[in-house]
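I opened a new notebook page for this model.

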Amino acid sequence: MNRPALILWIGLPAIVTIALLLVSYQVKGLESELAELEHAALTQQEEIHVLNAEWSFLNRPERLARLAKRHLDLAPVAPKQLITFSYEPLANDLAAQDFAAQNIVMQNLVTHSLITKGLAQ
Amino acid sequence: MSDLSVRSWRKASDDMSLDTGDQKLSARQAGQPLETARTRLFVAGAIFALCFAVLGGRLVQLSLLGGGQSQQRVAEQQGGALTLQRADIVDRNGTLLATNLPSHSLYVNPSQVLDANEAADKIISVLPGLTRADIFHKASAKGQFAWIKRNLTPEQHYAVNRLGLPGFSFEREERRVYPHGALFVHTLGFTGVDNKGLAGLEAALDDDLKQLAATPGGKMVTALDSRVQHVVHAELSAAMIEFKAKGAAGIVIDVNSGEVLALTSLPDFSPYAPGSSKASQRFNRATLGVYELGSTFKTFTTAMALEYDVVDMNDRYDATKPLKVARFTIRDDHPQNRWLDVSEIMIHSSNIGAAQMARDVGAERQKEFLDRLGMLSPLPFELAENGRPLAPRHWREINTMTIGFGHGIAVTPLHLISGFATLINGGIKTTPTLLRNDTPQTEENGGERVIARETSDSMRTLMRMVVEQGTGKKAEAEGYLVGGKTGTAEKATVGGYKKNALITTFVGAFPMDAPRYAVLVMLDEPHGNKATHGYAGAGWNAAPVLGRIVSQIAPMLGVMPLLPSSTEDNNEDDNQDNTQLLVRAAGKGRHFASY
């Protein structure tokens, strides 16, 4: 056998071996990265789970009612605060049945409610 | 390599034979070791080649085929979903009502403990709730394992970890958490330390909750509404204080689907410490307790009498004086001392009238009717606590008459509200459920018709009149057309009734022109106060509580109030819903002759 063949037969396995080793290490690295990511995902899911519970805890209606009473000027909706398009004083406006008329109705509604609140004249 | 050396070796031996000059001899003598060496070399070469082949093969296996493990792991943890032992429970809007949170439990392996005395001292310094002797005993005992404390809080976990005691370790566990605390305790129930449901929904649907947990994202969607539950809970709590009541129960139910939006029994207890609560706190008055619910039963009597055509709305009964039957005397709580028609019997809650109506229907038909309403057997409800109604074994005439006004039969409040919902939803049997179910129980969906639509319409009219003119006036919630019936009953004790121990009930629904929700309020032994002029009847306590509940939950549930102007003017409107007309007109006492 000649020298080039010898070099080829020694060199090729060496290169393949080194390449395989490198790939193998890379795969191992990726595997541990995957495991880490999986663990992180699981940890985050767990955190989200705990935060969901906390969210529900902080949104207890009893607590919200207490806070709203202290900080906001809100009360349950009274029937007289609600109005519909069939409301008698507005029924004639609605008869036009087009958007322009509805806009006027909406405007009237807003003005009406502002006046009753004493915010407009 | 071996080829090379053989060749050079052979060359050398050739040279040697030349030197000796005896070629033949030397060749023969030299041939023997040469053969041996060749064989040895070949064997050695073969062994080396084999070794290298094995190594090479292993290398290929490790580097190229070794990925199986990770592939498997990826396949296993598809999405890496968090799996828990028990599924979450959410309300109809997705609000979390119960969930499992990871926690750590502390245990000791006594064989690894160095100094049990020191360990006990240190543990007690961070977990003061435990007893020192107990820890010492566990840490110095023979064996490999003993629990010190289950489900530590994160702070406790950290504190114990910081002690760095050998022999003390943690086991990851799950703990059932109820973010709303006691609010749902009589509905959801609670679980034990091993995540087994011990009461309420948790116990009744224990297996379902465990199975649901296995599916990713699986959760149990209940019919409950935490906002409605809160309103009912808050109003009942306030009423218990206001009227110095021993207990209370409240239920809100969708009359068409049977979904239970709220279910409360007071007093209640913490789901984390059921053991330290009293029996009276753990007792579910809404579904387990059976009570004689008094006059609310007149709704069933009237519906039954109308359904069997025994009476019509204009028929009158003599209520001029107490009614004597055998050795009993039936009296009215709100005596009118005159002849009353069917609507007046309801409005003034006349026992005498209801008893006579029941007698005219007869025992057999009454029993059958109540049975069809589900009043005589436990409800198929998703709770571990389902009360069995108490009804007379021998259904005699006197029983028929007393049952006509709600005495001599004991049912749970849930029975009452389900039966009531059936009467006013158009006549289809309402089966209560805690699970979300959007399909209304109609005849097309296999719903069972109990009373005719016309009877149901009449009942709605009557219920509305009770609130407009009768004993339930204080239950009115402006704009929401509440209708219902009061019930004040003396509590039964051994051999009779307790005069001053009352069960007051109001069962109602809204809006009465097209009922959507039924509400029940029950107070256990309420007392009169200054505001009620000393009266303790249902009209004075249960009714106003119901009115307050309705006015708060109706906007939440999207019930459109009847506007003040349209209530007066719409009677002549032909397009108006007929039933709506019926209620309003009857409410004003006009169109009565049409019955």
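**Entry 1: terms and ground rules.** I take a nonpolar core to be a set of buried Ala, Val, Leu, Ile, Met, Phe, Trp, Tyr and Cys residues joined through C-beta atoms within 7 Å. A residue is buried if 20 or more other C-beta atoms lie within 10 Å of its own, exposed if 12 or fewer, and partly exposed in between, with C-beta atoms placed from the backbone. This is a predicted model, where local features need pLDDT of at least 70, side-chain atom pairs count only at pLDDT 80 or more, and totals for chains, interfaces and linings use all residues. Residues are numbered from 1 along each chain as its sequence is written, while chains are lettered from A and ligands numbered from 1 in the order in which they are written.

**Entry 2: the cores.** I looked up the largest nonpolar core and found 125 residues. Ile251(B) and Ala518(B) have the most contacts inside it. Helix H19 (residues 542–556) of chain B gives the most to this core, eight residues. I count helices (H or I, at least four residues) and strands (E, at least two) as DSSP runs, numbered from the N terminus. Domain 1 (83–110 + 177–221) and domain 2 (230–594) of chain B both contribute residues, so this core lies between them. Apart from it lies another core of 13 residues, including Ile123(B) and Phe168(B).

I then listed partners of Ile251(B), leaving out residues up to four places away in sequence. Among them are Val260(B), Ala286(B), Pro413(B), Leu414(B), Ile417(B) and Leu520(B). Contact here means C-beta atoms, placed from the backbone, within 7 Å.

**Entry 3: helix H17.** Pro413(B), Leu414(B) and Ile417(B) sent me to H17(B), where they are among the buried residues. Twelve of the twelve residues of H17(B) are buried, so the helix is largely enclosed by the rest of the structure. What covers them includes strand S6 (247–254), helix H12 (298–307), helix H18 (453–469), strand S13 (496–510) and strand S14 (517–524) of chain B.

Just after H17(B), Gly426(B) has a positive phi of about 110°.

**Entry 4: the two domains.** The bounds come from an automatic or database domain assignment. Centres of domain 1 and domain 2 of chain B, over C-alpha atoms, are 34 Å apart. In contact are 17 residues of domain 1 of chain B and 18 residues of domain 2 of chain B. On the domain 1 side, H8(B) gives the largest share, four residues. By class, that side has eleven nonpolar, five polar and one charged residues. Nonpolar means Ala, Val, Leu, Ile, Met, Phe, Trp, Tyr, Cys and Pro; charged means Asp, Glu, Lys and Arg; the others, Gly among them, are polar.

**Entry 5: helix H5.** Which residues are buried in helix H5 (residues 132–140) of chain B? I found Ile135(B), Lys138(B) and Ala139(B). They cover an arc of only 95° around the axis, which puts them on the same side of H5(B). That arc is taken from the directions from the helix axis to the C-beta atoms. They pack against strand S2 (96–108), helix H4 (116–126) and strand S3 (146–152) of chain B.

**Entry 6: chain totals.** Chain B has 21 helices and 14 strands, and 45% of its 595 residues count as buried. Chain A has four helices and zero strands, and 2% of its 121 residues count as buried.

Key
Two residues are in contact if their C-beta atoms, placed from the backbone, lie within 7 Å.
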